[in-house]
Amino acid sequence: MGKKIFVSYKYADSQVRLLPSISNTKVRDYVDVLQSKLDASDHIYKGENDNEPLSSLADSTIGSKLGDKIFDSTVTIVFISKGMKDSSDERDQWIPWEISYSLREQSREGKISKTNAILAVVLPDEYNSYEYFIKANPACNSTTYMTDYLFTILGKNMFNKKNAEVKDCNGNKIFSGYHSYIYSVKWDNFIGNINAYVDISLEIWRNRQNYDLKKSI
């Protein structure tokens, strides 16, 4: 059964790999590719853009805008891109708010919306590399995620499984299984098998009591 999917992203970030036939590719162009795939599936796309400044809006106004958009969704996909953050305070940027509202239980006209499943889709940068966030660790046959690069609310909801399976490798902690509430996948793996990765996010969501969720910015 199809799911209603909200997409959070940095609209104008151009530090991404060029898409075929699209010069000056921006993250929004990747959203368009995803939307076309979702339109051809059972899933329903629920989009958002970041062209409205937050600094002049009260928290209640932000909550109303995002609550209306996110309330009816089940899954939030956040696009991780190299230029997703700017130098302003995180509270003045849309993505942290969108993730915060996706994680909260909300009430609207007597109806309650549960915490969303969240999936992080990592986009390749302008050099066709993912290493700004995902790096291979061959010595330990593992992957390193640069969570300090992310907005705080994203980083705090990764490697946050209670009683996680952890082993040591050369002084590094290596986590097994679904160690993060927000599961991360490279764009090239995701776009060819969207349903599989949405299903992973939903499997984690069904076991969300096993994760220490951070819902506030």
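Student: Which side chain makes a polar contact with the side chain of asparagine 116?

Tutor: That's threonine 76, at 3.0 Å. A polar contact pairs N or O atoms within 3.5 Å; within protein, one must be able to donate a hydrogen and the other to accept it, and residues adjacent in sequence count only if both atoms are side-chain atoms. This is a predicted model, where local features need pLDDT of at least 70, side-chain atom pairs need 80 or more, and totals for chains, interfaces and linings use all residues. Residues are numbered from 1 along each chain as its sequence is written, and side-chain values use heavy atoms, without hydrogens or water.

Student: Is asparagine 116 buried or exposed?

Tutor: Buried, with a relative accessible area of 2% (buried is under 20%, exposed over 50%, partly exposed in between; 1.4 Å probe, protein chains only). Asparagine 116 sits in the loop between β5 (111-113) and β6 (117-122). Strands are DSSP E runs of at least two residues, helices H or I runs of at least four, numbered from the N terminus.

Student: What is asparagine 116 in contact with, beyond four places in sequence?

Tutor: Its contacts (heavy atoms within 4.5 Å) include Ile70, Ser102, Tyr181 and Trp205.

Student: How many residues has the largest nonpolar core?

Tutor: In soluble globular proteins, nonpolar side chains tend to be buried together. Here the largest core has 49 residues, with Phe79, Ile80, Leu154 and Phe190 making the most contacts inside it. A core joins buried Ala, Val, Leu, Ile, Met, Phe, Trp, Tyr and Cys through side-chain atoms within 4.5 Å. Helix α6 gives the largest share, seven residues. A second, separate core of six includes Phe6 and Trp94.
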